[in-house]
Amino acid sequence: MRLRDSASSTKSGGIPKRKAPSPAFWLLAAVLPLAFLVGMRYVDAPPPGLAAWGYATADFAPVAADSPDELASVAWSTVALPHRVDVVGKSIDVSWYRFAVDLPERPADLWAIYERRPRTNLAMFVNGVQLTSPAQARRPYTHDWAPRLVPIPNSLLRAGRNDVLIRSASEPPASRLDQTYIGPYEVLAAAHDRHLLLDVTAKQATLAAMLLFAALFGIIYVLRRRDTVFAAYGITILVWSLHVCFLIGPERWIGTEAQWLVLGEFMLAAFVICSIMTVHRFLGRRPRRAERLLVAGAMAYLLAALAAATFLEGEPLRVFNLLVGVPILLVLSGRSVWQLARAAIANATIERRLMLLCALIVWVTGVRDFLVHVADPGDGPHTTYLPYTVSFVLLLFGSLIMFRFARALRETEVLNRELEARVEQKAAELEANYARIRVFERNQALAGERSRIMRDMHDGIGGQLVAAIALATRPSAARELDGLLHEALDDLRMMIDSLEATEADLLTALGMLRMRVTNRFAAAGIEFHWEVTDVPPIAGFGPEQVLQLMRIVQEAFANVLKHAGARTITVRTATAQLTLGEPAVAIEIEDDGRGMQPGRPAGRGLANMRRRAAALAAELEIGTTPGGGTRVVVRLPLAGDSSPRDPVHAKLARV
Amino acid sequence: MPYELMTIVYLLEDDAVTRHNLEERLVAVEGIKVPVSVGTCTEMLTAVRAGRPDVLLCDLQLPDGNGVEVIRVARDLHPDIEVMVISVFGDEQRVVTALKAGATGYLLKDDPSSEIGAAISQLLQGGSPISPAIARYLIRVFRPTEMPEQTPPPQVDSAVGLTTRELEVLQLAAKGFSYGEIARMLGISGATVSSYTKKIYGKLAVHSRSEAVYEASRLGLIDEVRRDT
């Protein structure tokens, strides 16, 4: 899945489906941010009846007194509320505010004092009696936005003038008092509940949701490093969450109050910069230099602001921030809004339109907050809308991305299923191809085997039958004919035996040959000495090789029968070596006859034996035994015939 | 020799020339009589139902059927007769087919009279011939783990397994040793060796029959087979 929509990547290919936003969208883009502001104004409207109990001014005395008793000789001045002074030259500032509450008679119902944003440590006194103690608070705050409602016991109030004193203790850089309400508890409590929901509970809830989203996007980014937009978005949410933390977090845990304030304000700037970078990634742009400049500028400002907060007193950068810093942020973020708008004009995908709407809402709210602050640079009672807008938009957009992510996952699943189906189809095709190839190979192998059998028949029985026919024309050749026909039958049996030698078992093949000739040797009075032993298997020793070897051995047998005049024949197998030292199996046929006659020319039989041995890559040795008999030794290499053999044959062995 | 003491041989061979030639060679052996010499399965089936031979000599490929069927019927009717298959080549495939049907020996069509006489008397004395290829085949059949596709069914009677001695005989025969040589090597008599062979052939017939039953039961044909047997 890509959060960044397809339009930016269609440049490289694909179907460019461009669509400009409709006028209705622009109308929506114009109306929605304004509707948002109106909605916020409605939500933040003062609760009914509250204004009647508010005090626009108070008597103010910057005196570090602990109790009202010490205020007898103090000179009071009148100040407008909300009131704010820089704290200069001391670590704790204590100021007193005085309200005169004129009552025609002692009220029957419960009264209370209400502060929407206390932000300092307040102790309250009614007619000299203390309601709350400064010691109840752990430390003077400047960031406690939680509204505070303090009930006044009825007994303390009286008809006529009532003195309400508020002692405010504050750390640098500033001391404040927000708009103060003194009136019936019921009215003030309604306002308190509403403001508590708006200022604290709502922000806490969105904070929890945003932290969850930030974690989710972080996980998505870890899983998909390619989509940096997820990381950027997650960081943006995280930075904004920190900003909200500063707004509602009552407890400072590092630095001085001034530094803490700088950090809180910097989070807003960091949020703007992160948003800009998110937009870059969303649009598929990576202006590295501009981004580095932005980050470097923000860091430089942070350091400068921290230094100022550390070494200068009061809030020296307050006006600078409002009149220079915030406008810079507004311009930069405005540029991002403009980029989004142009992208939406170029191709109005749903993502671009939504992103533009969100950015517009946030930006317009930012401008509104800025203008409200500029119009009233004091620490006024106005609520900044940005926290609500941004949280809302971030959550909305986060949900959208999650939905898209889920949809993309579903699409991926569908795609996977299609892919699986296609793979299966391909596999089936391949299998069919292989089956065809196997059939083809088998047919080839069978054809090769058939042609071998034809060759063997031609080599053996064919020639013998031709000779037999020739003999048959001579009337006196019955005995010779009988011999020749038996030879032909023997050869046929040998062929069949060789075909059955499926495991190429050398000893069994030799045994079959022995069985075939046993009668003739017995008739000639020659005794068989069978001295075979198990031999290692010979590579590639198939029917063709068996038949070649059998013919060699048979020729040797025939020679013994015909010429040797022997009493015994010994057949022996053993492991041996070729002349070059390769391991081999030796088959020896030895008789105790007259041996080879030196004068007798090598017959056709011997030539055939040599030819067949060569075809087996075997060594053939024909010699004389110490006793004078003949010894034929065939040595078959264990590695088989390494010379290229009929490839069809090798295949047959596999099939 | 009185007729009752003579060996009665029934001969089934479709080629007339070969049949007559065989008949002549059989009769040439002393003590052998061939009262039935026919060329079709039908004729031979009629003959074995009517009378009992000592030895049935039987070709496999016949014009009106397979000799294997004749062998089966003859063995069912007369369990103690000897059956020999006659073949041109004495090749493993044909001989094994006949052995599975219950044959206990084989003859080559060109064997001289002396061979035929020796073979028949060997059979009657309780022995059977064997070739190295058949020995090798039997080793494979009775050692099923090495040939997965020939794994015998689990219900095969353990009595059809080979004894150690029988396996030794087969192993030596497969290497081409003669009965005489095997007898010397194992320290037993030649007749004993050939009687081992005959027992092994009997086991092969039982084995292939139970294998057939197993196959049939696997295919759902078991009832028919039971009715047959």
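Reply: Let's start with A:N127, which sits in the loop between strand 7 (121-126) and strand 8 (129-130) of chain A. Helices (H or I, at least four residues) and strands (E, at least two) are DSSP runs, numbered from the N terminus. This is a predicted model, in which local features need pLDDT of at least 70 and side-chain atom pairs count only at pLDDT 80 or more, while totals for chains, interfaces and linings use all residues. Residues are numbered from 1 along each chain as its sequence is written, and chains are lettered from A and ligands numbered from 1 in the order in which they are written.

What is the phi of A:N127? It is positive, about 50°, although A:N127 is not a glycine. Most residues other than glycine have a negative phi. A:N127 counts as partly exposed because it has 16 C-beta neighbours inside 10 Å. (A residue is buried if 20 or more other C-beta atoms lie within 10 Å of its own, exposed if 12 or fewer, and partly exposed in between, with C-beta atoms placed from the backbone.)

A:A617 also has a positive phi, near 60°, and is a residue other than glycine. You can find A:A617 in the loop between helix 12 (604-615) and strand 16 (619-624) of chain A. With 19 C-beta neighbours inside 10 Å, A:A617 is therefore counted as partly exposed.

Now for the peptide bonds. Most peptide bonds are trans. A cis bond joins A:L81 and A:P82, with omega about 0°, and A:P82 belongs to the loop between strand 3 (77-80) and strand 4 (83-86) of chain A. Another cis bond runs from A:P172 to A:P173, where omega is near 10°. The loop that holds A:P173 lies between strand 10 (160-170) and strand 11 (174-177) of chain A.

Further along, helix 2 (residues 185-223) and helix 3 (residues 228-248) of chain A pack at an angle of about 155°, their axes 8 Å apart. Axes are lines fitted to C-alpha atoms, for helices over the stretch in contact, and angles run from 0 to 180 degrees between N-to-C directions. So helix 2 of chain A is roughly antiparallel to helix 3 of chain A (angles under 35 degrees count as roughly parallel, over 145 as roughly antiparallel, 65 to 115 as roughly perpendicular and the rest as oblique).
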